[in-house]
Amino acid sequence: MDQDETTRNSTHGADNGIRQQARDLFGSASNRAGAGYRQAHGFLEGRPRGQQVLIVGAASFAGLLALLLAYLVILIPLTPSVDDLKQVNSARPTVILTADGKEMGTFEQGLQERVKLSQVSPHVIKALISTEDHRFYEHHGVDFTRIAGALLASLKGDAQGGSTITQQLARNMFPEEIGRARSINRKLKELITAIKIENTYSKTEILEAYLNTVPFLYNARGIEMAARTYFDKPAIKLDVLEAATLVGMLKGTYYYNPVTNPERSLGRRNVVLGQMAKHGAFSEARLKALVKRPLKLDFERQVERNGRDNHFTAHVRKWLLAWADENDYNLELDGLVVHTTLDADLQQAALKAVERQAGALQAVADVEWANSWLPGSTSTGTYASMRTGVAPFDYYWRTHGAELNAFVRESSAYRKAVEGGEAPAAALKRIKADGDFMRGLRAAKTRLEAGFVAMDPMSGEVKAWVGSRDFAKDQFDHVAQALRQPGSTFKPIVYGAALENGISPEQPYVDAVMEIRAADGTVWKPTDMSGTTGRQLTMREGLVHSKNTITAQVMQDVGLPSVIKLAQNMGVRQSKLSAVPSLALGTSPVTLLEMVSTYSTIAAQGEYRKPVFVRRITDREGKVIADFGTTTPERAMSQASSVTLIDMLRGVVNRGTGTGVRSRFGVNGDVAGKTGTTQNNADGWFILMHPNLVAGAWVGFNDNRVTMRSNYWGQGGHNAILLVGDFFRTALDAGKVDKAAIFPGGRPPAAPRIQVEEPQEEFIEPGELMEGIPADEAAPPAPPAPVETEGEEEEEEEAPMEGVPPPQPVPTGELDL
């Protein structure tokens with residue numbers, strides 16, 4: 001017999017043995033059950049019928065009680081442990097810190113301030129015990145007498161609750177573990193946890209914990225914040241009427257909300273006062289006087305502590321919630337400390353730069369769109385002085401009626417009206433007649449927005465992050481959420497792909513309009529605003545002067561797949577890039593974070609590092625439980641190609657479209673960067689690289705149908721560059737980046753002639769008249785001659801691609817990097 005057959009026989013024998021054991025056990029159990037039945041039958045036989053019923057009933061009840069006790073024993077390990085109870089009582093919210101230890105935000109359970117029971121008005125305690133649990137000091141967590149009474153009342157049709165204060169505390173402390181579903185399983189868990197609480201804490205500690213954890217609407221949690229919210233006073237100063245009002249809310253905070261349902265709240269308050277009188281808090285005469293008193297509030301919603309939040313902390317919060325779920329941490333209780341990468345000083349510099357420069361650009365937009373003529377100045381100061389004397393965007397609204405109607409039709413007010421049955425034309429007319437609504441709509445559409453982010457290229461750590469001009473007014477994040485066309489800031493990727501394919505930076509190309517046929521048969525003829533020269537330019541010159549004609553030819557030489565692959569390797573890892581020829585000029589929307597990450601890869605000599613915004617997480621004792629500080633770089637581009645590309649981008653800052661960063665702000669040092677402008681001046685970009693820091697900014701309107709009016713102020717080299725230049729000047733002056741640091745092959749340039757603001761010269765762009773506006777209206781009566789700004793060249797504007805639709809309103813989908 002072979003080994004396999006032996007094994008099969010052995011297994012078959014074992015199976016037979018198990019089956020025989022099962023039969024024996026079943027037979028034994030059956031015999032015992034039969035014997036038990038015969039014994040019980042013999043015990044009952046001959047007894048009166050009434051006794052038999054009583055005996056069987058008692059045995060059944062005992063059996064059910066035994067089953068219930070067994071189930072309770074099973075549930076005990078599934079309820080919170082004593083350690084869990086102690087942890088909740090000593091709970092601390094997770095704190096978010098900057099890299100230098102400054103607090104930026106917390107994960108509190110609403111607005112909460114814990115107080116001792118001695119800091120709570122005695123009226124509150126009397127009202128609470130009288131109404132919610134008058135036998136509080138007599139039971140041990142569960143009031144079985146009250147439960148029996150509640151069951152009897154419920155059987156009579158008067159549903160009552162039997163929960164003690166301790167049981168309610170159990171629900172408040174462990175909402176997920178116990179829950180609030182109406183089920184036997186939940187109730188048993190609640191009973192067990194309540195008994196554990198009573199065995200762990202004193203009655204005083206239980207009352208204190210309850211009053212500190214109970215929710216009171218408006219994000220107020222605990223009696224102290226409730227007292228401040230509804231009566232503008234601390235809990236210790238609550239009088240008997242105020243105490244009864246707040247305790248009355250506990251039966252149903254929404255239903256008895258004194259702000260929205262004052263009559264219900266008054267009635268419930270008087271019920272609480274009645275319970276207090278019933279249990280000896282005061283006399284019946286006093287009760288009659290109190291119930292006649294009106295409901296008086298001093299309501300003031302408390303300032304959200306998360307008001308300190310900004311787009312960076314909001315991004316961190318979103319990431320942390322997912323991390324905590326995955327790693328089984330409670331951010332509201334576990335007292336974790338989140339050490340982020342944000343530099344407080346650089347963040348402050350970024351906030352001030354955005355506030356100053358975006359505010360100045362808002363004045364430019366307000367003034368330029370106020371009248372039919374253009375001031376044509378290159379100085380933001382000129383526009384600031386004119387701002388108070390004009391009606392912002394008045395001329396825009398007078399000449400863009402179709403856009404205004406479209407904005408109204410896209411509003412939620414119009415959509416609700418039409419869905420409710422109102423005729424579209426009537427709804428449009430009615431809403432446009434609403435002055436307050438239209439003022440708000442116009443203000444929102446014409447508010448200039450900005451995004452700014454700075455990273456350390458050698459670590460990937462984010463050092464500054466400003467998602468909008470004002471987080472309180474616009475929570476939409478223009479760093480990681482907003483998808484916008486990057487314009488010419490995308491061109492370095494095309495030239496990088498060329499370098500990777502062995503094309504020399506001195507490779508000549510003809511500056512001429514050429515037809516490029518797309519895969520779908522459409523023909524693209526990229527042009528430049530300044531026209532073409534017909535002469536040969538090197539690839540280096542094409543990038544320095546942002547020539548669309550040259551960039552398109554370089555893209556043809558390397559091919560779209562190579563450009564897309566390099567873009568993804570360098571940092572564009574979330575946004576989908578459209579495989580069309582115009583991609584070379586930045587027509588495929590991306591996020592600012594992706595673009596700054598891409599430039600960080602260039603600055604790091606071709607090594608990509610995923611953006612890092614949390615360095616490490618420690619527990620409440622300071623022990624590191626997660627470390628994200630060390631990331632392994634990925635080779636995205638060869639070092640040689642990166643060094644060459646950095647040198648080409650130096651030319652942009654030294655003699656090309658980015659010279660304003662030196663001439664306006666005196667940014668000295670070995671820096672390189674690129675400007676970007678999209679069609680119709682919808683988006684302005686500028687990204688600057690330094691060996692220690694890479695920073696980028698985007699400027700535009702949330703709805704890109706609204707744009708900067710003049711070609712001068714619509715260009716990234718004149719708008720976004722202001723934010724980055726302002727920031728870098730502060731960072732250099734404060735010593736946050738090393739002035740002497742240089743890229744490979746570089747040398748610190750000579751100190752530039754610092755010109756904080758360009759002279760207030762009149763500047764009129766050729767061809768800047770708006771389409772559809774008569775020439776005699778668009779120009780001032782006596783326009784001055786154009787004046788070139790010394791040391792700057794105008795950035796070439798991307799020409800429209802035939803067959804490509806114009807930009808659409810900015811999408812609002814989130815991007816999680």
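I began with strand E13 (residues 614–618), which pairs with E14 in the antiparallel sense over three bridges. Two strands count as paired if DSSP finds at least two bridges between them. Helices (H or I, at least four residues) and strands (E, at least two) are DSSP runs, numbered from the N terminus. Ile617 stands opposite Ala626 in E14.

I noted the source: this is a predicted model, in which local features need pLDDT of at least 70, side-chain atom pairs count only at pLDDT 80 or more, and totals for chains, interfaces and linings use all residues. Residues are numbered from 1 along each chain as its sequence is written, and side-chain values use heavy atoms, with hydrogens and water left out.

I then traced the whole sheet. Five strands form an open sheet with mixed pairing, in the order E2-E1-E5-E13-E14. Strand E2 (103–106) and strand E14 (624–627) stand at the edges with a single partner strand each, so one side of each has no neighbour in the sheet. From one strand to the next the twist averages 20 degrees. Axes are lines fitted to C-alpha atoms, for helices over the stretch in contact, and angles run from 0 to 180 degrees between N-to-C directions.

I looked for what packs on this sheet. Helix H14 (residues 311–327) does, touching strand E1 (95–97), E2, strand E5 (337–340), E13 and E14; contact means heavy atoms within 4.5 Å. The direction of H14 makes about 55 degrees with that of E13.

Next I checked helix H10 (residues 223–231). Eight of its nine residues are buried, so H10 is largely enclosed by the rest of the structure. Buried means under 20% relative accessible area, exposed over 50%, and partly exposed in between (1.4 Å probe, protein chains only). Among the buried residues are Glu224, Thr229 and Tyr230. Asp232 follows H10 and has a positive phi, near 55 degrees.

Most residues other than glycine have a negative phi. Leu217 has phi near 70 degrees; this residue is found in the loop between helix H9 (203–213) and strand E4 (220–221). At 13% relative accessibility, Leu217 counts as buried. Ser546 has phi near 50 degrees and is found in the loop between helix H23 (539–544) and helix H24 (548–558). Ser546 is also buried, with a relative accessible area of 0%.

Last, I placed Leu297. Leu297 lies in the loop between helix H13 (284–290) and H14, and counts as partly exposed at 32% relative accessibility.
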